[in-house]
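Please walk through this protein chain with the sequence and the coordinates side by side.

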Amino acid sequence: MIDRRTFSATLMAALASSLLPGSALAQASSRRIRNVVLVHGAYADGSCWSEVIGRLQRAGLNATAVQNPLTSLADDVAATRRILALQDGPTVLVGHSWAGTVISEAGIDPRVAALVYVAARAPDAGEDYTALAATFPTPPASAGLVKAGGFAQLSEEAFLRDFANGVDPARARILYAVQGRIADTLFASRTSAAAWKTRPSWYAISKQDRTTNPDLERFLANRMHATAIEVDSGHLSLITHPKEITDLILEAARV
């Protein structure tokens, strides 16, 4: 039987633990991340996250995909911030490809507790990412960029062979039909922030990527001191390897 003195001491310790912001209890509570916001890249739309979303929902998380206009960095960041504003607590912000630039800018939002980059750009604030990428061998997909009327898209050949390599051909043709066309000035954008400097970050490297050089992805993951995995996948690992990408997001959420 517990005596009165022991009971009182235990009660006071529990009360102090609940009140101290640095306590283990407070830290555990602060890491109960239940929200995930997923941001798509160029030549895509929010539906590319479908397989990941289903898995996150089955794990009990609230997952929301952003629909980027792909007209400018400012427009894509604004679209992401609108979705972040709807979240009711700490959030994992995830970006694929071009969206790595978007989440590097938008990720300073106080709701964002962690960042996940999937074969993604991760520029430093003010950095000329195009110049950085040029220090690595040019990936094959770049040759398939077609510009017209102020917008750009990938040719069907480049999309199927290079952007969607590893995707079932029938699925890849559907993705080509709905690809998001980008402003032809989009990739010249520069961020004013690098959220990965102030948020814990994770990175999924695509070993068979023909859109972003895998060694560039490794460089970016190493520079941000991210927790990194390598997926035996082309650029669209979120479609071909949704379990691995979901597991990485769950790790970031510490579910």
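The expected span of a helix is taken as 1.5 Å times one less than its number of residues. In this predicted model, helix α4 covers residues 73-84, which is 12 residues. From its first C-alpha to its last, α4 reaches 16 Å, close to the expected 16 Å.

Which residues of α4 are buried? They are L73, D76, V77, A79, T80, I83 and L84. Viewed down the helix axis, these buried residues fall within an arc of 160°, so they line one face of α4. A74 and R82, on the other side of α4, are exposed.

Is H96 buried or exposed? With a relative accessible area of 1%, H96 counts as buried, because the cut-off for buried is under 20%. Leaving aside neighbours within four places in sequence, H96 is in contact with V39, H40, G41 and W49, with V118, A119 and A120, and with H235, L236 and L238. For L236, the separation along the chain is 140 residues, while the C-alpha atoms of H96 and L236 are separated by 8.5 Å.

The next topic is charge pairing. Side chains of opposite charge can pair when their charged atoms come close. The structure holds 11 salt bridges. One of them joins the side chains of E157 and R161, with an N to O distance of 2.9 Å. Both residues lie in helix α7 (residues 156-163), four residues apart, which is about one turn of the helix. E157 is exposed at 55% relative accessibility, and R161 is partly exposed at 40%.

Helix α7 also contains D162, whose partner lies in a distant part of the chain. D162 forms a salt bridge with R210, and the closest N and O atoms are 2.7 Å apart. The two residues are 48 residues apart, R210 being in the loop between β8 (201-206) and α9 (214-223). D162 has a relative accessible area of 0% and is buried, whereas R210 is partly exposed at 30%. E157, R161, D162 and R210 are linked in a network of salt bridges.

D215 is partly exposed, at 43% relative accessibility. R218 is also partly exposed, at 29%.

The remaining values describe the whole chain. The protein chain has 11 helices and nine strands. Of its 255 residues, 50% are buried. Among contacts between residues at least 6 apart in sequence, 69% join residues at least 24 apart. The chain exposes about 11800 Å², and carbon and sulfur atoms supply 56% of that area.

Key
Residues are numbered from 1 along each chain as its sequence is written. This is a predicted model: local features need pLDDT of at least 70, side-chain atom pairs count only at pLDDT 80 or more; totals for chains, interfaces and linings use all residues. Side-chain values use heavy atoms; hydrogens and water are left out. A salt bridge is a side-chain nitrogen of Lys or Arg within 4 Å of a carboxyl oxygen of Asp or Glu. Buried means under 20% relative accessible area, exposed over 50%, partly exposed in between (1.4 Å probe, protein chains only). Contact means heavy atoms within 4.5 Å. Accessible areas come from the Shrake-Rupley method with a 1.4 Å probe; for residues, only the protein chains shown count as cover. The arc is that of the directions from the helix axis to the C-beta atoms.
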